[in-house]
Amino acid sequence: MGQKKNALFPKTISVLETLGGNIRLARLRRNISSSLQAERAGISRPTLTMIEKGSPSVSLGSYVQVLVALGLEKDLLKIAADDELGRKLQDLNLPVRQRAPKKGKS
């Protein structure tokens, strides 16, 4: 049986390409060859090439391995850390407490 292929939105593809480009730039700034980077991350060189191009078919684990090898794994903790929209939506659903009327007032 063939695998079901998910259609990606252009915005998603753009995000992956930007991520891959950022990973490539980080590697180049450190003056690390693609062969050495792939070896440090425990992946093949073609997989690293696909990551640096932002391929959606590469597992998230491989992306993480490359970030760890570059010393950038803590950047992953920044993802969704500042969920402004989520907090606004949560605030809209917070119940507002009503006070009971004071005794003796009519």
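A residue counts as buried when its relative accessible area is under 20%, as exposed when over 50%, and as partly exposed in between, with a 1.4 Å probe and protein chains only. The model is predicted: local features need pLDDT of at least 70, side-chain atom pairs count only at pLDDT 80 or more, and totals for chains, interfaces and linings use all residues. Residues are numbered from 1 along each chain as its sequence is written, and side-chain values use heavy atoms, leaving out hydrogens and water.

Side chains of opposite charge can pair when their charged atoms come close. The structure holds five salt bridges, each defined as a side-chain nitrogen of Lys or Arg within 4 Å of a carboxyl oxygen of Asp or Glu.

One of them pairs Glu52 with Arg27, with 2.6 Å between the closest N and O atoms. This pair links distant parts of the chain, 25 residues apart: Arg27 lies in helix α1 (residues 10-29) and Glu52 in helix α3 (residues 45-53). Helices here are DSSP runs (H or I, at least four residues), numbered from the N terminus. Glu52 and Arg27 are both buried.

Another salt bridge joins Lys88 and Glu84, at 3.3 Å between the closest N and O atoms. The two residues are four apart in helix α5 (residues 84-92), so about one helical turn separates them. Lys88 is partly exposed at 49% relative accessible area, and Glu84 is also partly exposed, at 44%. Elsewhere, salt bridges that share partners connect Arg24, Arg27 and Glu52 in one network.

Asp75 and Lys78 form a further salt bridge, 3.5 Å from N to O. Asp75 is partly exposed, with 38% relative accessible area, whereas Lys78 is exposed, with 61%.
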